[in-house]
Amino acid sequence: MVLHSTITEEEVPPSAPDLSSLSPLPSLEAAGSSSSDDMSPAEQQDGNDILSSPSNPASSTIDAPNNNSEPHRNKEHGDVKAATKFRLDSMLSGYSFIWRLSIVLVVILSWYYAYPTTGNSEQQDEMLEYEEEYEDEEEEYDPWSIWGDGFDYTKDREFWIPDEDLPEDIATDLQSTNEELQLEATARRQLDPLKWDTFDYWEIYHYFACAKVFTSPRPVWSEQLFRDTRDFYHEIVENDNTPFIGLFRSTYQANDDVYDMSQNAIPYLSGGEKGRGLKAARDIKEGEVIFKATNNTIIFNDGQTLRKFLFAMNDRFSDPGMVCDILIWAWVQDMEGGTPFAGVVDLDNGNLLNDWGLGGSYEEQDYSANIRCKGAALSCYASKDIIEGEELLGDYSDFVSYHAWADLGL
């Protein structure tokens, strides 16, 4: 069988002779299954003469037919179909190799950054130092952290009271030897009174100079003062037009219960960092309820409503320290099925319950809480027998959501 090679014009080198005058040869497909037996000797000889002719540029690259050899292939260009399949397989194999290599590199880099090698000692040292600091922070429990992380002095408030316009009390505190008062005065001169409705917890705290207020012992509130504050709260509620938070008003009383806690606990001036506290009014057995949330417990589902209440209190009452008292008595709590977080404050002496480690040690072996609280209703009971006159100490972690004022909008 004679195989014919057809060369297009595009494949002819520029120096090759013009083949356009040659008669087209029958293609392999056109030949079908014909063999040399179907051709005359003259046709066979004509084909061989053309393939071996010096004027045929392909004659130097095409071997003479050999019936004993494999099917003929063009040595220069190869079989087009076979070459295409080979290139496709090669490409697929190449892509597969690149994909696998990429996965390996990702795994290696992830491992490298997650577990730095000793070669990257600086990064490793920084990570170890951070982990040690984090562990120390976890161990050093601080009850004051319920009120947030403190005043942000790096915040750009675009407000600053110049020296010549400073109020006298701020100017005096800036010259104080008390570093805490100096810092508070620096904070106060950055707070724009016209933007009071944007103040966060610590901005409110320093706007009312609460650090200065607590440099002197605060008095225990009288029952009449608590009653006046509750009446004022009801006035605020009647005029509150804040939209409902889901199914709840922006502020409301915990319930309608009335509970006299004076039979179990009485307030006293404990002094030191605690300031005020509670002590047992009688011998109390383990498991007895000491106090619970009542109609004196008010809840704020919206930070703006609490903010308005505090500024309105400052306008109503002559003692500016009352706002500071409410601020340190308030806490953020998960209300279990209500709004995610709410600000809570007791407008009775229940707010004087101190945390067990406040003013002392927070080591586990020194755990001294004798009252535990549970549930959104905040029922607090004796966790051990308590003798009359003993200080009542709770565990704030029973009900406080730490660092959550921002979640309430404060």
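Guide: What follows is a walk through the salt bridges, then the aromatic pairs, and finally one serine. The model is a predicted one, and the values below are computed from it.

Side chains of opposite charge can pair when their charged atoms come close. A search of the whole structure finds 14 salt bridges, and one of them joins the side chains of R157 and E203, with nitrogen and oxygen 2.8 Å apart. This pair links distant parts of the chain, since R157 sits in the loop between α4 (121-139) and α5 (168-174) while E203 belongs to helix α7 (residues 201-207), 46 residues away. Both partners, R157 and E203, are buried.

The side chains of R189 and D163 meet in another salt bridge, with an N to O distance of 2.7 Å. Here R189 comes from the loop between α6 (179-188) and α7, and D163 from the loop between α4 and α5, so the pair ties together parts that are 26 residues apart in sequence.

Next come the aromatic side chains. A pair of aromatic rings is described by the distance of the centres and the angle of the planes. The structure holds 20 aromatic pairs, among them W221 with F226, whose ring centres are 5.0 Å apart and whose planes are at 40°, a tilted arrangement. W221 is buried, with a relative accessible area of 6%, and F226 is likewise buried, with a value of 1%.

Another pair, F232 with F317, has its ring centres 5.8 Å apart and its planes at 80°, so it is edge-to-face. Because F232 lies in helix α9 (residues 223-238) and F317 in the loop between α10 (303-316) and α11 (321-329), the pair ties together parts that are 85 residues apart in sequence. At 5% relative accessibility F232 counts as buried, and F317 counts as buried at 15%. Elsewhere, W196, F199, Y207, F208 and F311 form one aromatic cluster.

The last stop is S401, which is placed in the segment after β11 (393-394). With a relative accessibility of 14%, S401 counts as buried. Leaving aside neighbours within four places in sequence, S401 is in contact with V332, Q333, D334 and F341. With D334 there is also a polar approach, in which a polar atom of the S401 side chain lies 3.4 Å from the backbone nitrogen of D334.

Note on methods. Residues are numbered from 1 along each chain as its sequence is written. This is a predicted model: local features need pLDDT of at least 70, side-chain atom pairs count only at pLDDT 80 or more; totals for chains, interfaces and linings use all residues. Side-chain values use heavy atoms; hydrogens and water are left out. Helices (H or I, at least four residues) and strands (E, at least two) are DSSP runs, numbered from the N terminus. Buried means under 20% relative accessible area, exposed over 50%, partly exposed in between (1.4 Å probe, protein chains only). Contact means heavy atoms within 4.5 Å. A polar contact is a pair of N or O atoms within 3.5 Å; within protein, one must be able to donate a hydrogen and the other to accept it, and residues adjacent in sequence count only if both atoms are side-chain atoms. Rings of Phe, Tyr and Trp (its six-membered ring) pair if their centres lie within 6.5 Å; planes under 30 degrees apart count as stacked, over 60 as edge-to-face and the rest as tilted. A salt bridge is a side-chain nitrogen of Lys or Arg within 4 Å of a carboxyl oxygen of Asp or Glu.
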